[in-house]
Amino acid sequence: MKMNTKTLVIAALLASLSATAQAESTLTIENPKAFATPATAMSGGGFMQITNTGPTDDALIGIQADFPRVELHTTEFTDGVARMMHVDDIAIPAGETVALEPGGLHIMFMGLNGDPLEEGETIPATLIFKNAGEIAVTFDVVKRDMAHSH
Ligand SMILES: [Cu+2]
């Protein structure tokens, strides 16, 4: 009986701790998705919208996923030619929504090497933010909408 009470107290403590952690998270991740790639593709793009509802600027500084390499990329256009460049971080200013989208900022899943991203698959990943810390997300692999290709 005594044991049960103690267990209940610990459970209640843990519940309140996780509720606190959630209340302090001011980042909302919406619509994480990746496009299905051709069989020979070496990399695939990941996209989402990140909203910072808090009073403090934050930044996406990394991502972990089960690929040989995962990078943060931006896209630059020179004379109409798109070129992807690696960036160290992506600023998520207070009160703003930052869209990672085709032709702009994106996540690059690299080293696919014969194991393409397939429609219907999901990609579990952990986003790492400067202030908010780690946030788990799951990317849905969807067919690429050709109207928005870059
Ligand atoms: Cu890229």
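Mentor: Before we start: a residue is buried when 20 or more other C-beta atoms lie within 10 Å of its own, exposed when there are 12 or fewer, and partly exposed in between. Keep in mind that this is a predicted model. By that count, 19% of the 150 residues in the protein are buried.

Trainee: Okay, try me on Leu112. Why is Leu112 called partly exposed?

Mentor: Leu112 has 18 C-beta neighbours inside 10 Å. Being buried takes 20 or more, and being exposed takes 12 or fewer. The count of 18 falls between those cut-offs, so Leu112 is partly exposed.

Trainee: Where is Leu112 placed?

Mentor: Leu112 sits in the loop between S8 and S9. Leaving out neighbours within four places in sequence, Leu112 is in contact with Thr37, Ala41, Met42, Ser43, Gly44 and Leu117. There's also Thr40, 72 residues away from Leu112 in sequence, yet 8.5 Å away in space, C-alpha to C-alpha.

Trainee: What makes S2 and S8 a pair?

Mentor: Two strands pair if DSSP finds at least two bridges between them. S2 and S8 have four, in the antiparallel sense, so they pair. In one of these bridges, Ser43 has Met110 of S8 as its partner.

Trainee: How do you know that S1 and S2 pair as well?

Mentor: Same test: at least two bridges are needed. Six bridges join S1 to S2, so they pass, and they run antiparallel. Ile29 has Ile50 in S2 as its bridge partner.

Trainee: And what about S2 and strand S7 (residues 97-100)?

Mentor: They pair in the antiparallel sense too, over four bridges. Thr51 stands opposite Thr97 in S7.

Trainee: Which residues touch the most other members of the largest nonpolar core?

Mentor: That core has 19 residues, and the ones touching the most other members are Ala34, Leu60, Phe109, Leu117, Ile123, Phe139 and Val141. Strands S1 (27-35), S2 (43-52), S8 (106-110), S9 (122-129) and S10 (133-142) each give two or more residues to this core. S9 gives the most, with four residues.

Trainee: What does Leu60 touch, not counting residues up to four places away in sequence?

Mentor: Leu60 touches Ile50, Leu72, Asp89, Ile90, Ile92, Leu127 and Phe129.

Technical notes
Residues are numbered from 1 along each chain as its sequence is written. This is a predicted model: local features need pLDDT of at least 70, side-chain atom pairs count only at pLDDT 80 or more; totals for chains, interfaces and linings use all residues. A nonpolar core is a set of buried Ala, Val, Leu, Ile, Met, Phe, Trp, Tyr and Cys residues joined through C-beta atoms within 7 Å. Two residues are in contact if their C-beta atoms, placed from the backbone, lie within 7 Å.
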